[in-house]
Amino acid sequence: MQSVSRTPSTTPALSRALGSGSRSLSYTPHTTLSLRPQRNQSRNQNQYRSQTVRQKSDDGISLKSYGFEDITASLPSDSPSPPSSPQKNLILVDVREPVELTATGIIPSAICVPLASQPDALFLTPDEFETRFGFPKPGADRENRNTDIVFYCKAGVRARAAAQLAVQAGYDPDRIGVYDGSWLDWAEKGGKTEKWEGGDYE
């Protein structure tokens, strides 16, 4: 069984997403996360089990890749879904900054956890997270513990960095995904939007 340390470090993707003037990450979790190599594959190949399309991050961790149709299918419906097309529940996390959300809006049902100004957010305890943001930490409550969490931003770079941080913070990589097209793809394809009514986080 291969072990990956959860001690956070600034990954190449995170460095690009936050820019050269970003704050260093100073939090230090003390547990490890085990990843299971895909059956019949060498441990050195860094491939992991998945039932959906995956892409390797800069750290070699495979992350689920979501598209416009996947996100659309997960949104709450105004009318009951037919039994033949069950709705897939996802927790959507927008990692853009509040000023961006005020300008563009947000995908319905998404929550905002800004990556650049709050890089330690996913390492907080559930109580600390709720105190800071005013809503439960994604996937921390019993009801959503086994729900997939999908990150998105403007063009996908910050979303992928946030997904890598989530894995470092102890989230199951099999439950973490990235909407690679992110907001630009969503807006181009006419996806539903909601007005952002949240505030700045201190």
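Buried here means under 20% relative accessible area, exposed means over 50%, and partly exposed is in between (1.4 Å probe, protein chains only). This is a predicted model, in which local features need pLDDT of at least 70 and side-chain atom pairs count only at pLDDT 80 or more, while totals for chains, interfaces and linings use all residues. Residues are numbered from 1 along each chain as its sequence is written, and side-chain values use heavy atoms, leaving out hydrogens and water.

**View 1. The whole chain, to get your bearings.** The chain holds 6 helices and 8 strands; these are DSSP runs numbered from the N terminus (helices H or I with at least four residues, strands E with at least two). Read from the N terminus, the elements follow the order β-α-β-β-β-α-β-α-β-α-β-α-β-α. Buried residues make up 46% of the 202 in the chain. Contact means heavy atoms within 4.5 Å, and among contacts between residues at least 6 apart in sequence, 63% join residues at least 24 apart.

**View 2. Strand β4 beside β8.** Two strands count as paired if DSSP finds at least two bridges between them. By that rule β4 has a parallel partner in β8, with 3 bridges joining the two. To find one of these bridges, look for K64, whose partner in β8 is G177.

**View 3. Strand β7, covered on both faces.** Follow residues 148–152 and you have strand β7; 5 of its 5 residues are buried, so the rest of the structure largely encloses this strand. On one side sit D148, V150 and Y152, on the other I149 and F151, and all of these are buried. Strand β5 (residues 90–94) pairs with β7 in the parallel sense over 5 bridges. Strand β8 (residues 176–179) also runs parallel to β7, with 3 bridges between them. Between β7 and β8 the chain passes through helix α5 (residues 157–168), making a right-handed β-α-β crossover: with the strands pointing away from the viewer, the path from the first strand over the helix to the second runs clockwise.

View 4. L90 belongs to strand β5 and, at 12% relative accessibility, counts as buried. Its position opposite D148 in β7 is a handy landmark. Apart from neighbours within four places in sequence, L90 is in contact with Y66, D70, I71, S74, T147, D148 and V150. T147 is 57 residues from L90 along the chain, yet their C-alpha atoms are separated by 6.0 Å.

**View 5. F151 and the nonpolar cores.** A nonpolar core is a set of buried Ala, Val, Leu, Ile, Met, Phe, Trp, Tyr and Cys residues joined through side-chain atoms within 4.5 Å. The largest one has 29 residues, and V93, V113, F151 and I176 touch the most other members. Two or more residues each come from β5, α4 (126–133), β7, α5 and β8. Helix α5 gives the largest share, 7 residues. Leaving out neighbours within four places in sequence, the contacts of F151 include V93, V95 and L122, then A159, A162, A163 and A166, and also I176, G177, V178 and Y179. A second, separate core has 17 residues, among them Y66, L92, I107 and A110.

**View 6. F68, W186 and other aromatic rings.** Rings of Phe, Tyr and Trp (its six-membered ring) pair if their centres lie within 6.5 Å, with planes under 30 degrees apart called stacked, over 60 edge-to-face and the rest tilted. That rule gives 5 aromatic pairs. F68 and W186 make a tilted one, 4.9 Å centre to centre with 45 degrees between the planes. F68 lies in helix α2 (residues 68–74) and W186 in helix α6 (residues 182–188), so this pair ties together parts 118 residues apart in sequence. F68 and W186 are both buried, and together with Y179 they form one aromatic cluster. R96 lies over the face of W183, 4.6 Å from the ring centre; a charge sits over a ring if NZ of Lys or CZ of Arg is within 6 Å of the ring centre and within 35 degrees of the ring normal.

**View 7. D120 in its loop.** D120 is found in the loop between β6 (111–112) and α4. With a relative accessible area of 18%, D120 is buried. Look for A169 too: it lies 49 residues from D120 along the chain, and 9.1 Å separates the two C-alpha atoms.
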